[in-house]
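Below are some notes on the model, for checking against the coordinates.

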Amino acid sequence: MRKDKLYFLTFISIAVIFLIIASLGINYFVKISVNQLIEVQLEASKREANEIATLVNYEFISGLDKNVITQNLQNTLNGTNKGTSFISVFDWSGKAVCHPDITQVNQKVNSNQSLLESLKDGSSLNKLYDLLIHHKKSKETNATQVESEIVYISPIKSSDLIVAAHTNLDKMVTQIVKLKRRYYTIFILMGILIILASFFAVRFIGSYYEKQLETKNTNLESELINLSKLNMDLVTYQQKVATEIKEEIQKPILTASEITATTDTNKIRLLTYVRNELVPVAIDSIAYIYTENTITYIVCTNGNRSTSNSSLDEIFINLQPSLFFRANRQFIISITSIKKIIKYGNSQLKILVEDAEVEIIISKHKAAEFRKWLNI
């Protein structure tokens, strides 16, 4: 249940984040695209206006009558205002001479002078974009608005006529609406794909790590079981050693020849030094032996510490293998002094000693030998 809730919250989070980013980004994309559309439209309108102005200028130079020229222009321009842009002609008094909508002929031409000035050098497209957005909102509220706006003018040199390039605001707004719909459709489809892909990716990654965690937990449980068994073997072995020691104590006193025969195989005592005094230490009273700074120290179960001139290798040869284990190059440990065995690092073991703060590390290469030693 917790997993399902986590996946559901992940799905909701990704969806909300995408919606926030999409809502912020879609207006920016629409504005950039509309500005590019406006820029292309302006360039086409300028070129068309300049071409017509040049053509009409040649006709005036050729001596054609003005009325004939304007009539021919009117016949050519009729009905062209149905596109996103169109051309009209007006005189210096501001009255339309030729217009695609013949009802506008001889009417006063209205133009946004600030818009015309800003678009003259093509440096400000944002003003026309704002005009289109304002026109769209005005249409939505049924407000009366002009249907077109002059975006460029080209005077005819040999006359008092001016060719004007218009942008059909209604058509441009329609194109903006279509463009927005396309963007919204793309964003919705892309959002669905991204959200679903992210959801399944999170679920797949989550499942993968859950399996990895389960594997680690299984391995850890196995190690704990092995470690628990190891400590049980330790307790069993310590009890066995304690029983053997008691049996040794209860045995009758040996003769000198028997003692000699026994000591030939395993020593009963080690000769050590406490300062300058020679002190014998019973083998069964030794807790552990270690070397430090080339000096060999022998520590007894009662905490007494003495030194030896022999190396660890020399001492270990004379110890009972069933009672002592060579843990590493620095330590020899007695079975009776081991308090606990715990896992340490990568497949290593750490031995805690009774009534001592020393920690003895057994490498992973020695760990198998140590386990075998406990099962003797």
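1. In the largest nonpolar core, which has 39 residues, the members touching the most others are Tyr-288, Ile-333, Ile-338, Ile-341, Phe-370 and Leu-374. A nonpolar core is a set of buried Ala, Val, Leu, Ile, Met, Phe, Trp, Tyr and Cys residues joined through side-chain atoms within 4.5 Å; buried means under 20% relative accessible area (1.4 Å probe, protein chains only). Strand E7 (residues 286-292) gives this core its largest share, 5 residues. Strands (E, at least two residues) and helices (H or I, at least four) are DSSP runs, numbered from the N terminus.

2. The model is predicted: local features need pLDDT of at least 70 and side-chain atom pairs pLDDT 80 or more, while totals for chains, interfaces and linings use all residues. Residues are numbered from 1 along each chain as its sequence is written, and side-chain values use heavy atoms, without hydrogens and water.

3. Beyond four places in sequence, Ile-333 has contacts (heavy atoms within 4.5 Å) that include Tyr-288, Phe-324, Ile-338 and Ile-351. Another core, separate and of 35 residues, includes Ile-26, Leu-73, Leu-128 and Tyr-152.

4. An open antiparallel sheet of 3 strands runs in the order E12-E13-E14, where pairing requires at least two DSSP bridges between two strands. E12 (residues 338-344) and E13 (residues 348-353) share 6 bridges, with Lys-343 opposite Leu-349. In their hairpin, with 3 residues between the strands, Gly-345 has a positive phi near 65°.

5. E13 and E14 are joined by 4 bridges; Lys-350 has Ile-361 in E14 as its bridge partner.

Notes:
Buried < 20%, exposed > 50% of the residue type's maximum accessible area, 1.4 Å probe, protein only.
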